[in-house]
Structures are given as C-alpha cells and as structure tokens.
Amino acid sequence: MFSKKMKACGVSIGIDHFGRYLESVEYLAAIKPHYVKLDQAFTQTQSSTNQLFTITLANIAESLNITVIATGVKNTALLERLDPMLIHAYQGFIHPPTLIIEDELQPQR
C-alpha cells in the first residue's frame, strides 16, 4: 500500500477535513495517518451536536494513537472551548499551521 511505503521512507501522513465526509473515518484504518485535522465546521460552531461529533471523532482518532488537530480556530474564545484532552493542536487565524512533531523530523543519531 502506498501509505505504508511512504511511512517507511519517513513521511508523515495526515487527513485534512477529517469528519466532513463519513468515508474519512474509514481511512483511519486503511491509511493509519500520523494526524487528522478536524474540519473547521466542527470547531467554529460548538452546538451540542457539533460538540458530540467533535468528541466522537477525536476519541476515534485518539484510540488509534493519532494526533488530533482542530482547524479554523479564529479567536481565543473558540480555543478555550476545545478540550485539551481530545485536541492536541490547533490552527487558524490565531495560530498559523506549523510542524507539530518537530523532533521526529530531526536526523536520528
């Protein structure tokens, strides 16, 4: 499988817009990514339904030891609503995308 070969070469694999389409959940088992980026639709409107989906998707990823990144975090109020036990990193206007696993990118000694 392509993703397995890429991982063997040291490439980190991720799924963007995770949760937007149901098939992305199926990709977790097939691709086994290093991280998923929750679709911003889940983080921008924290209704009770969105919170349920966010928690469920984050728990699925967490159970597979996959880093969970919230996208579309536009302000500190949204950031404060994110559960740090479920969301490992975030990006948005208040925090642009960065490498989240910098020590894995360093040469092995």
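Select Ile87 to begin: leaving aside neighbours within four places in sequence, Ile87 is in contact with Leu38, Thr54, Val68, Ala70 and Leu82, where contact means heavy atoms within 4.5 Å. The model on display is predicted, so local features are given only at pLDDT of at least 70 and side-chain atom pairs only at pLDDT 80 or more, whereas totals for chains, interfaces and linings use all residues. Residues are numbered from 1 along each chain as its sequence is written, and side-chain values use heavy atoms, with hydrogens and water left out.

In soluble globular proteins, nonpolar side chains tend to be buried together.

**The sheet**

Next, display the strands as a cartoon. They form an open sheet of four strands in the order S1-S2-S3-S4, with parallel pairing. S1 and strand S4 (89-90) stand at the edges, each with a single partner strand, so one side of each has no neighbour in the sheet. Two strands are taken to pair if DSSP finds at least two bridges between them. Helices (H or I, at least four residues) and strands (E, at least two) are DSSP runs numbered from the N terminus.

Step across the sheet pair by pair:

- Strand S1 (residues 14-18) and S2 are parallel over three bridges; select Phe18, which stands opposite Leu38 in S2.
- S2 and S3 are parallel over four bridges; select Tyr35, whose bridge partner in S3 is Thr67.
- S3 and S4 run parallel and are joined by two bridges; select Ile69, which stands opposite Ala89 in S4.

**Lys37**

Return to strand S2 (residues 35-38) and select Lys37. Is Lys37 buried or exposed? Its relative accessibility is 16%, so Lys37 counts as buried. The side chain of Lys37 makes a polar contact with the side chain of Gln91 at 3.1 Å. A polar contact is a pair of N or O atoms within 3.5 Å; within protein, one must be able to donate a hydrogen and the other to accept it, and residues adjacent in sequence count only if both atoms are side-chain atoms. Not counting residues up to four places away in sequence, Lys37 touches Ile15, Asp16, His17, Phe18, Ile69, Thr71 and Gln91.

**Val73**

Now move to the loop between S3 and helix H5 (76-81), where Val73 is found. Val73 is buried, with a relative accessible area of 1%.

**The whole chain**

Finally, colour the model by pLDDT, the predictor's confidence in each residue from 0 to 100. The mean is 76, and 78% of the residues reach 70 or more. Confidence is highest in strand S3 (residues 67-70), at a mean of 89, and lowest in helix H6 (residues 102-105), at 53. Traced along the sequence, the elements follow the pattern α-β-α-β-α-α-β-α-β-α. Of the 109 residues, 31% count as buried.

Notes: Buried means under 20% relative accessible area, exposed over 50%, partly exposed in between (1.4 Å probe, protein chains only).
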